[in-house]
Amino acid sequence: MTALQKNILIGLIALTSITIGLWAGMQNTQKPNPYAKIGGEFTLTSDKGPVSLSDFKGKVVLLYFGYTHCPDVCITSLTALREAMNKLTTEQRAQVQPLFISVDPERDDAQRVGDYGRFFIPELIGLTGSLGQIDKVAKDYLVVYQKVPGKDSAIGYSMDHSSILYVIGRNGSIDSLVHHGDTVEAITDFTLEALAK
Ligand code: NI
């Protein structure tokens with residue numbers, strides 16, 4: 001097992017524990033938010049200027065971490081997100097803000113990540129930042145990512161990254177997680193659930 005695989009496993013175990021915590025929490029009448037300790041405010045750069053999570057208070061934010069050179073995982077995830085968005089009514093859709101944060105800020109400048117986001121979903125705002133900023137927000141959201149050198153230097157490198165969609169409620173707290181491989185219906189259902197709160 002490589003160091004990256006270990007890191008991803010640790011990340012998955014952490015998130016699974018949180019999911020079990022959610023289930024346990026649902027057995028209580030109190031229903032504490034199991035995601036209370038992850039996530040939180042950030043300010044990053046879009047091609048239209050700085051963007052903070054708190055800019056969207058009152059809306060449901062659908063947040064995904066990836067990178068524009070991704071050969072497969074991001075395309076699958078953003079295509080599913082687009083299909084889920086398309087299932088919403090116009091009124092519901094106006095209350096939902098999709099965000100994409102690049103874990104490859106060295107290649108993804110604001111223009112590139114902005115164009116990439118809009119290519120998938122017109123409202124999707126692509127965000128980038130300094131290496132330090134991205135590292136901080138990734139840690140806050142328990143996102144694991146790592147640069148993997150290409151065999152051919154002409155190809156450059158790829159980024160391994162965890163693939164989770166964060167459904168963030170109107171109050172800015174994480175409401176639910178949608179894991180890679182979950183269905184379009186799962187994204188729609190969790191989004192509608194967050195919209196109903
Ligand atoms: Ni990707």
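Modeller: Two residues count as being in contact when they have heavy atoms within 4.5 Å of each other. The model is a predicted one, in which local features need pLDDT of at least 70 and side-chain atom pairs count only at pLDDT 80 or more, while totals for chains, interfaces and linings use all residues. Residues are numbered from 1 along each chain as its sequence is written, and side-chain values use heavy atoms, with hydrogens and water left out.

The spot to look at is aspartate 108, in the loop that runs between β4 (96–102) and α4 (110–120), where helices (H or I, at least four residues) and strands (E, at least two) are DSSP runs numbered from the N terminus. If neighbours within four places in sequence are set aside, the contacts of aspartate 108 are Tyr67, Thr68, His69, Ser102, Val113 and Thr128.

Another loop, the one between α5 (131–140) and β6 (145–149), holds leucine 142, which is partly exposed at 29% relative accessibility. Although leucine 142 is not a glycine, its phi is positive, at about 55 degrees. Most residues other than glycine have a negative phi.

Key: Buried means under 20% relative accessible area, exposed over 50%, partly exposed in between (1.4 Å probe, protein chains only).
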